Amino acid sequence: MINKELVAACGQYVDRNGQNKTRWKTIGHLHDKKDGSGQFITLDPMINLGAIPRGEGDDRVYVNLFEPKSKDAPKRPAPVNDDLA
C-alpha cells in the first residue's frame, strides 16, 4: 500500500497571476510492507537525481513526503523546509 509520495522541487515558474510557483515532481513512493514488518521505498527509474536543482555548494537533493493525492483532491500546499530558507 502506498503510504506517502516522495516529491522533489524541480524548478520554478510564474503562473498566469504573476506569482512564482514551485514545480514539483513525484520521484517515488513510500510503501507499507504487506506483512506489517516495516516500510520500503520505490523510486521512478527515469528520474535523474543529479538534474534536480540544489542550492549553491549543496550536494543534497531534498525529498518531501506528501499524502498520496487522489484525482479529486485539491492542489497540495508547498512544504516548509527551513534548510532552504
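How many residues lie between S1 and S2 in their hairpin? Five residues separate the two strands, and Gly 18 in the turn has a positive phi of about 80 degrees. This is a predicted model: local features need pLDDT of at least 70, side-chain atom pairs count only at pLDDT 80 or more, and totals for chains, interfaces and linings use all residues. Residues are numbered from 1 along each chain as its sequence is written, and side-chain values use heavy atoms, without hydrogens and water.

Start with strand S1, residues 2–14. Strands here are DSSP runs of E with at least two residues, numbered from the N terminus. Two strands pair if DSSP finds at least two bridges between them. S1 runs antiparallel to S2 (residues 20–32), and 10 bridges join them. Tyr 13 stands opposite Lys 21 in S2. S1 also runs antiparallel to S4, with three bridges. There, Leu 6 has Leu 65 as its bridge partner.

Now the charged side chains. Glu 5 sits in S1. Glu 5 is buried, at 10% relative accessible area (buried means under 20%, exposed over 50%, partly exposed in between, with a 1.4 Å probe and protein chains only). Its side chain reaches the backbone nitrogen of Lys 69 at 3.4 Å.

The whole structure holds two salt bridges (a side-chain nitrogen of Lys or Arg within 4 Å of a carboxyl oxygen of Asp or Glu). One links Lys 4 and Glu 67 at 2.3 Å, N to O. Lys 4 lies in S1 and Glu 67 in the segment after S4 (64–66), so the pair ties together parts 63 residues apart in sequence. Asp 58 and Arg 60 form a salt bridge at 2.9 Å, N to O. Arg 60 is partly exposed, at 46%.

Notes: Helices (H or I, at least four residues) and strands (E, at least two) are DSSP runs, numbered from the N terminus. A polar contact is a pair of N or O atoms within 3.5 Å; within protein, one must be able to donate a hydrogen and the other to accept it, and residues adjacent in sequence count only if both atoms are side-chain atoms.
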